[in-house]
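The structure itself goes on the page before my notes.

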Amino acid sequence: MNKSLLLAGVGGQGIILVSKILSEGLMEEGYDVKMSEIHGMSQRGGSVTTQIKFGEKVYSPIINAGEADVLVAFEKIEALRYIENLKSGGTLIVNEEEIFPLPVLAGLEEYPDGVIEELKNKVDHVINIDARKVALDLGEAKSSNIVMLGVTVKALGLEDIDWEGKIKKYLPAKTHEKNILAFRKGLETL
Amino acid sequence: MKKLMTGNEAIARGAYEAGVLVACAYPGTPSTEILENVSAYDEIYSEWSTNEKVALEVAFGASVAGARAMASMKHVGLNVAADPFFTIAYEGVNGGLVVITADEPGMHSSQNEQDNRLYAPHAKVALIEPSDSQECKDYLKRAFEISEQFDTAVLFRVTTRVCHTKGIVELGEREEVGIKEYIKNPKKYIMVPANAKEKHIEMERDRLPKLHEFSNTTDLNRIELNDSKIGVVTSGACYMNAKEALGDKVSYLKIGFSYPLPDEKFKEFAEKVEKIYVIEENEPYMENFIKALGIDCIGKEEFPLCGEITPQIIKKVVLGEKTPSTYKLDILPPNRPPALCAGCPHRGIFYEMSKYKNKINVTSDIGCYSLGASAPLSVGDTVVCMGAGFSAGIGFDRVNKMAQRGKKVFGVLGDSTFFHSGMTGLVDAVYNKSDLVMVILDNRITAMTGHQENPGTGKNIMGEEAPMIDIVSIVKACGVKEENIRVINPYIMSQNKEAIKSALEAKGPFVIVTKQPCALIKEVQKKRANLYSEVDNEKCTKCKACLRIGCPAISMVDGRVLIDKVQCNGCTVCVQTCPYKAIKVHQERGGENE
């Protein structure tokens, strides 16, 4: 049976990098993998998603309503935006970080309260983590995406793949130490 | 060797393996990474061409001279290149010539979702559609063989889901096909009427019947027989979506060579299956053809014409499956549209323009400046296509005068767009004595598509130093009077203010060139890394003037205005906008830097 993952967040959070690492690790493990990255205007702070499917044979990575086994939201309200893609009984991994979108900053819309509570009340399996705080404690806020990678890997039960090798391949040498620590912190969260 | 590659990376690999020697493109989502990846191969000459028409013409010249050549572009780029495309169809090739069009069903990052398959029957050019990364590589090699075998340009059509989906690709070796001999042949390559008449007849009489026969026999069009109750005719990304949705429950006719379409294969398939669904995004291109053959099929009666056709839609239509159950929440998220970045050099002048809402109209263009049209700046009356920022402004201004609206028109575009097709509008404005104000936002890069070099940047795609084409010199050479030109630093609000005021009072064409590099350029980020602005909460009266500049780094949290140090690059537009001087710029090491 194929597994599907939907990663959602904000342009600049490093979602595409995490998706590349995940996809390559899965391929080396012997899975067929398809990963769809929709970008273009994404660097400009818009909402970004990537879709990954893996299994014996995958044709299309596209995930629609009720189809994702796992939804990884790199920002709280992105979990709200994409929750309809999660299948009943699926797992939601959510970063508690708040990134205000422009309509909120400009006072045109409001950033909602009680998001995590709402998610925990309504969704069966929720893993919430303040990945930015975890990363900041390690001294590098930018590594929060790698913390999320660790949580995701653990939730999928895929710890045996050489993820640290992939992190080293895709990230600059001077950041290896902190990113590997961030990854391990993510693994430990569960 | 196996590698995980996007369709675009695989196309680049295919170009390398096919022995391509010349590759040209103009950046445009979802096609941009094709040439970026091609440029990593030293064996291939790559160039960012000034626009798509130039790209196709350069590739055509290379083909006639004997090399395998290709031009890649987004779907709307082929409109720009349509002029050479239709006549190259008559002339044919020497070295193989492939035109890659990256279409965008669903418009993830485009202004329309035109279906460029229709260009193939219109121009009578062979059409190939790969479905995934492996096919991108393999079919591109086939495209060059077909191009040379049938003496025709080949249109290679991919869509966003093919371009931007990573899949596993088996790599091959490069085949050096070399450069063919060039023999002068005016009857073939000089399309004056006498020769064109001959070539048109030749194309209809000789080439198209051969391609038609090929379409019926090639393995690019293949039948996969499973159950005979339902048959699916499909191509491109839709084939993958159909397989994902229906697996081996149905039979398939997978079309990889889609102009000319294989009538015999359709008839054969119709005999083998009871009911046919045609699954294709956007236009009913294959469906109309199949129906014209007298074959019953279900297409756009059930499938949407607008947007993408996902596996879920296919399951609903073909299998009658319901949407799987999911979660519904009571809290709705606020919108998150893309926005001008913190520190974007376009913000200041857009903010200044936003103050003249009742005095000006703004014809905007394709690029980051289209983001200036969003709230709270809301600067922009039109966005159509590359270059229209100037030319549409000329027409708008004429009618504003006829209607005596007393409003000035500002046309806005960027440096790369200026070279692409803004220059022609500039010449038009001068020649036809327009009073248009032309604003060229020169941020030293092609920004929206992810930072490509252009004629103004002083570098080319191969990383070499290149002549830097000077925009201001062009403006002067086109005849804009010195007193009607302002070259300003858009981080300095007084300069924005003065330029716009002068423009409003000026007669004749007026040009404002803003010069400040994109805030996301690596060197710029490095240089400004320690700069940030901070609010003095004792002075701040919470008037919210700073929030009106629409900067994603500035927020109001619990009644206090806060500037995010990480995002802020100290551009100081907010500092200059604050009426109470409550914002100061700092340098992390080395104190204040006002």
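**Entry 1, chain A.** I noted before anything else that this is a predicted model, and then I turned to chain A, where I found 8 helices and 6 strands. Reading along the sequence, I wrote down the pattern β-α-β-β-β-α-β-α-α-β-α-α-α-α. I then looked up the radius of gyration, which is 16 Å for chain A and agrees with the value near 16 Å that a compact globule of 190 residues would have. The C-alpha trace of chain A spans about 50 × 40 × 35 Å along its principal axes, and 59% of the 190 residues count as buried. For the accessible surface of chain A I recorded about 7,400 Å², with 45% of it belonging to carbon and sulfur atoms. I also looked at charge, and chain A carries 22 positive and 29 negative side chains, with the centres of the two sets 5 Å apart.

I repeated the look-up for chain B, which has 21 helices and 23 strands. Its radius of gyration is 27 Å, close to the 25 Å that the globule rule gives for 594 residues, so chain B is as compact as a globular protein of that length. The C-alpha trace of chain B spans about 80 × 65 × 55 Å along its principal axes, and buried residues make up 59% of the 594 residues. When I took the contacts in chain B between residues at least 6 apart in sequence, I found that 74% of them join residues at least 24 apart. The mean positions of the 72 positive and 77 negative charges of chain B are 7 Å apart.

I asked myself which residues Ser60(A) touches, not counting residues up to four places away in sequence. Ser60(A) lies in the loop between strand E3 (47–55) and strand E4 (68–73) of chain A, and I found it touching Lys53(A) as well as Met240(B), Asn241(B), Glu244(B) and Pro311(B) of chain B. With a relative accessible area of 1%, Ser60(A) is buried.

Are they buried or exposed? Glu352(B), which lies in helix H15 (residues 347–354), is buried at a relative accessible area of 2%. Beyond its neighbours up to four places away in sequence, Glu352(B) touches Met493(B), Asn496(B), Lys497(B) and Ile500(B). Glu308(B) sits in the loop between helix H13 (285–292) and helix H14 (311–319), and at 15% relative accessibility Glu308(B) counts as buried. The contacts of Glu308(B) outside four places in sequence include Pro105(B), Gly106(B), His108(B) and Arg161(B). I also noted that Glu308(B) and Met107(B) are 201 residues apart in sequence, while their C-alpha atoms are 8.9 Å apart in space.

Cys518(B) is in no disulfide, and the nearest cysteine sulfur, that of Cys368(B), is 6.5 Å away, whereas a disulfide would need the two sulfur atoms within 2.5 Å. Cys551(B) is likewise in no disulfide, with the nearest cysteine sulfur, that of Cys571(B), 6.3 Å away.

Definitions and conventions
Residues are numbered from 1 along each chain as its sequence is written. Chains are lettered from A and ligands numbered from 1 in the order in which they are written. This is a predicted model: local features need pLDDT of at least 70, side-chain atom pairs count only at pLDDT 80 or more; totals for chains, interfaces and linings use all residues. Side-chain values use heavy atoms; hydrogens and water are left out. Helices (H or I, at least four residues) and strands (E, at least two) are DSSP runs, numbered from the N terminus. The radius of gyration is taken over C-alpha atoms; the globule rule is 2.2 Å times the number of residues to the power 0.38. Buried means under 20% relative accessible area, exposed over 50%, partly exposed in between (1.4 Å probe, protein chains only). Contact means heavy atoms within 4.5 Å. Lys and Arg count as positive and Asp and Glu as negative; His and the chain ends are not counted. The place of a charge is taken as NZ of Lys, CZ of Arg, CG of Asp or CD of Glu. Accessible areas come from the Shrake-Rupley method with a 1.4 Å probe; for residues, only the protein chains shown count as cover.
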